[in-house]
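Here is a short briefing on one protein chain. Keep the structure open while you read.

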Amino acid sequence: MKRIIIFLLALFIYSCGSSSKVRTASVKSNKPKAAVVKKRPMAAVKQHTPEKPTQTKSEVLEATSKIAVTTEVVNNYISQYKETAKENMRKHGIPSSITLAQGILESGAGTGVLAQKANNHFGIKCHTGWNGDSVRHDDDAEQECFRKYELPSESYRDHSLFLTSRSRYAALFKLDKGDYISWAKGLRSAGYATDVKYPDKLIGLIERYELYKYDAEVLEGNYKPIAKVSDIPLDAKSYRVSQGDTLYSISKKFNLSVAELMQINNLPDNAISVGQIIKIKS
């Protein structure tokens, strides 16, 4: 019995130790992992569209400061303020063509500093007796006082009052309201501007953009057309500035130096305007 018990005990111990162990083997896949692609948000993707070249003409407006603007900007300015200029012509007798041309020139067609920050379209300084708002701006001297308006229309009205209330401009109101050439020359003669080319600049703008037609709309049957400066034939000693001309290009065209052209025409600098008549021979 002893042997039988020992045998059974040994058999029991052997069976426990020989129980199989379960192993978990990792199975490696030969299949490549898919790449993780991060999508960029649509807002961050900037699509480049090549710009088409555009051909635009430009004006250099230089009464208060030299400002280059496109003809589109000038036309937009005219559309915006033509009715204001016509209304001032009815009330105060100043040709709307002259008012618009001065506004275009003095304000850089509304893009100049004074027009932007003070609604001052005519470069009118404070002068004695001005009690309204003002801004400081470098002009003939540093930090000069210029009038500031709440609306551009107030600037147009003040421009009209400026001319009608000063005796030195009285002779202008005896001129024909449709004679923009005489008005342009009369303004400089009365001391409105020191620039010798000021009348030519105004006349050039009026004829190039046909501003005289707004005078005709106001005067109606009383409007008398005048001969355009741009239609007057020139002699062999003169040349009319065209779009794109510079003093340098004109000097090369007539075999002169820029210095000679400036001397013949008494020009203080090489700035010229479209429609201006340049002497090419003394």
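A salt bridge is a side-chain nitrogen of Lys or Arg within 4 Å of a carboxyl oxygen of Asp or Glu. Lys-86 and Glu-217 form such a pair, with their closest N and O atoms 2.6 Å apart. The model shown is predicted. It holds seven salt bridges.

- Is Lys-86 buried or exposed? Lys-86 has a relative accessible area of 7%, so it counts as buried.
- Glu-217 is partly exposed, at a relative accessible area of 39%.

- Arg-147 belongs to strand S4 (residues 144-147) and Asp-158 to helix H5 (residues 152-164), so the pair ties together parts that are 11 residues apart in sequence.
- Both Arg-147 and Asp-158 are buried.

**Salt bridge between two loops**

- Asp-269 pairs with Lys-197 in a salt bridge, and the closest N and O atoms are 3.8 Å apart.
- This pair links distant parts of the chain, 72 residues apart. Asp-269 is in the loop between helix H10 (258-264) and strand S6 (277-279). Lys-197 is in the loop between helix H6 (180-189) and H7.
- Asp-269 is partly exposed, with a relative accessible area of 30%.
- Lys-197 counts as buried, at 5% relative accessibility.

- Which residues do salt bridges with shared partners join into one network? They are Glu-83, Lys-86 and Glu-217.
- Side chains of opposite charge can pair when their charged atoms come close.

**Helix H2**

- H2 bends by about 50° at Tyr-81.
- Tyr-81 is one of the buried residues of H2.
- Gly-93 follows H2 and has a positive phi, near 85°.

**Helices H3 and H7**

- Two packed helices are described by the angle between their axes and the distance between the axes.
- The axes of helix H3 (residues 96-107) and H7 come within 9 Å and cross at roughly 110°.
- Angles of 65 to 115 degrees count as roughly perpendicular, so H3 is roughly perpendicular to H7.
- From H3, the contact uses Ser-97, Ile-98, Ala-101, Gln-102, Ile-104, Leu-105 and Glu-106.
- From H7, it uses Tyr-198, Lys-201, Leu-202, Leu-205 and Ile-206.
- How many residues of the contact of H3 with H7 are nonpolar? Eight are nonpolar, two are polar and two are charged.

- Most residues other than glycine have a negative phi.
- Glu-210 has a positive phi of about 55°, although it is not a glycine.
- Where is Glu-210 found? Glu-210 sits in the loop between helix H7 (198-208) and helix H8 (212-219).
- Glu-210 counts as partly exposed, at 37% relative accessibility.
- Glu-220 is not a glycine either, and has a positive phi of about 50°.
- Glu-220 is found in the loop between H8 and strand S5 (238-240).
- Glu-220 is exposed, with a relative accessible area of 61%.

Note on methods. Residues numbered from 1 in each chain as written. Predicted model: local features only at pLDDT ≥ 70, side-chain atom pairs only at ≥ 80, totals over all residues. Heavy atoms only, no water. Helix = DSSP H or I, 4+ residues; strand = E, 2+ residues; numbered from the N terminus. Buried < 20%, exposed > 50% of the residue type's maximum accessible area, 1.4 Å probe, protein only. Axes fitted to C-alpha atoms, helices over the stretch in contact; angles between N-to-C directions. Parallel < 35°, antiparallel > 145°, perpendicular 65-115°, else oblique. Contact = heavy atoms within 4.5 Å. Nonpolar A, V, L, I, M, F, W, Y, C, P; charged D, E, K, R; others polar. Bend = angle between axes of the 7 residues up to and from the residue.
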